[in-house]
Each structure stands twice: as structure tokens, then as C-alpha cells.
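Please take a moment to look over the structure below before reading on. The paragraphs that follow lead through a few of its parts in turn.

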Amino acid sequence: MINSKTLFQQLTQQIHLAEDPDEIKSILYLLFEKEFGLRRTDILAEKEISFIDQERMGTLVQRINSEEPIQYILEEAEFYSRKFCVNSSVLIPRPETELIIQLAKAERMRPSSILDIGTGSGCIAITLALEFPTCHVHALDVSNKALTIARTNAETLNAVVHFFESDILKQTIALANVDLIVSNPPYVMEKERKQMSRNVLAYEPELALFVPDSEPLVFYKAIALKGKQLLRPKGIVLVEINEKLGEETNHLFQQAGYTTKIVTDINGKDRVIRAELC
């Protein structure tokens, strides 16, 4: 039997990341919950662990020290209080993206049909399907590998979502009278690479992250144009945006014929645009 608090302290000393000590502890709390079923309170109470695979634990520590995100190591991430399977084929769901869910739930009219563009892990589409159980939810992605993960998540969480492979920039979408379009599309400009941490650049899929510096709003342009074909009158678009391009993205939707609003996140950063089709 091994004291969990003692093991936690030992592993803390073995993690050599250039991170705040509290961040390292947060990583280990996730590790202990997944590996041993122990929460923070259990560790503080010094619960005993009956068995430890030392070789596996050494491998996990090595992966953490190589700056691989703990979500990929554990193959799961939390979004809107639910666990989603993730791997390097999909972006790790971020808390900021939950704002899309909050805004969708705040709409006066409950949607009967939703389309998620660039679904990745499926976290947005699946969450909305569970929050609006009578709604017909469709979700597309250009990556077949991402769709495999999304379908696994939908099955695990008992969510009904119709997933299909499509390239929003090139293909027509055979839907009509959609109430709500949601998307967290690629929006990081190539020139922003140098500002990003290694754990993102080395492990998360570039396809879901980056856009050319010459066309930073290429996906928003496609969503705005496709939205005019797909949405019912007064239909809504909720898209996560690059905080540095809030005004430009907002103007794009206005020019395309939408009534718009920029919504800031908890940190006061431009995070989501709500666009209503006029």
C-alpha cells in the first residue's frame, strides 16, 4: 500500500516543466483521478493506493515532461462538465468555448435544428444535443480522423448527432431551414505561431488551428455565405473568434447581411460573435 499524498509529492518533484507550481499540481490531480480514481480531497486525506505500475508511471512522467498536454496523455478532456475522448487528431476543448453553449441556451427561442461546422471532438455539437434533446443536430468536419473521435464521444455520452465529412470552403451542404449554426473554426494566423506554447504547436492539429496571414477570416467568410443558404429567416450564427480580429470579423458578418454582436469572455476578451440573419 502506498500513501497517495506521499506519491503525489514525489511526482511533483519529478515534473520539470516551466510552469507555475499550481499548474503542475493541476496536471497531477487529473492524472491521479484517471489512474487511481482519487480526487484532490482523497489525496489530502492520504488515501492508500494498493498498486502502482512503476513502468507506466515513469512513461507518464516522461510524456508530461516532454510538454505533451495531459488531456492527450489521459485521452480525455472536460467540456461543460462532461468528459470527452481526445487525441492529437482534434483540438483540446477549452473552457472559453463553453460560451457558445451558454449563449445558445440564452436564446429566447429553443432551436429545433443545429449545424456545427468544424466539429473536431464533437464537444459543441454533442453538448447542444444533450442540452436540447428534441433538437436535430448535424455536425461536419473535413477530417475523417476527427469525425471518428466525435462519433465515439456521441456514443459514449448517448447523444444523437448526425456527423458527416465535408469541406466548408469547397462543398455544398445539403441542409435547409437551420435555426442555429455554431463553429469554432481555425483562426490562428501563421504569424502568431511564435506567441504560442510548445505543447500546442507540437501536439495539437495544425489543420484545426491555423489560417494564412493573407486570409485570416477565410472560414468566417464561408460560414457567413453558407449561412445565408442554410439558415431560416432570423436564424442565428454563434462563432468563436480570434480576439485580435473581433471588429474585422464582426464587420464581415455585417457586410454579409447579418445583425451582429461581439460577446466578450470572462477575461474581457472578444470571444464570440452572435450574428442574426436579417
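This is a predicted model: local features need pLDDT of at least 70, side-chain atom pairs count only at pLDDT 80 or more; totals for chains, interfaces and linings use all residues.

Residues are numbered from 1 along each chain as its sequence is written, and side-chain values use heavy atoms, with hydrogens and water left out.

A pocket here is an open set of points on a 1 Å grid over the protein atoms alone, where a 1.4 Å probe fits, with protein on both sides within 12 Å along at least five of seven lines, and its lining residues have an atom within 4 Å of a point. Of the 14 residues that line the second largest pocket, Glu107, Met109, Arg232, Ile236 and Arg274 lie nearest its centre. The largest share of this lining, 3 residues, comes from β11, a strand being a DSSP run of E of at least two residues and a helix one of H or I of at least four, both numbered from the N terminus.

Elsewhere, serine 4 lies in helix α1 (residues 4–14) and counts as buried because its relative accessibility is 0%, buried meaning under 20% relative accessible area, exposed over 50% and partly exposed in between (1.4 Å probe, protein chains only). Helix α7 (residues 123–131) is mostly covered, with 7 of its 9 residues buried.
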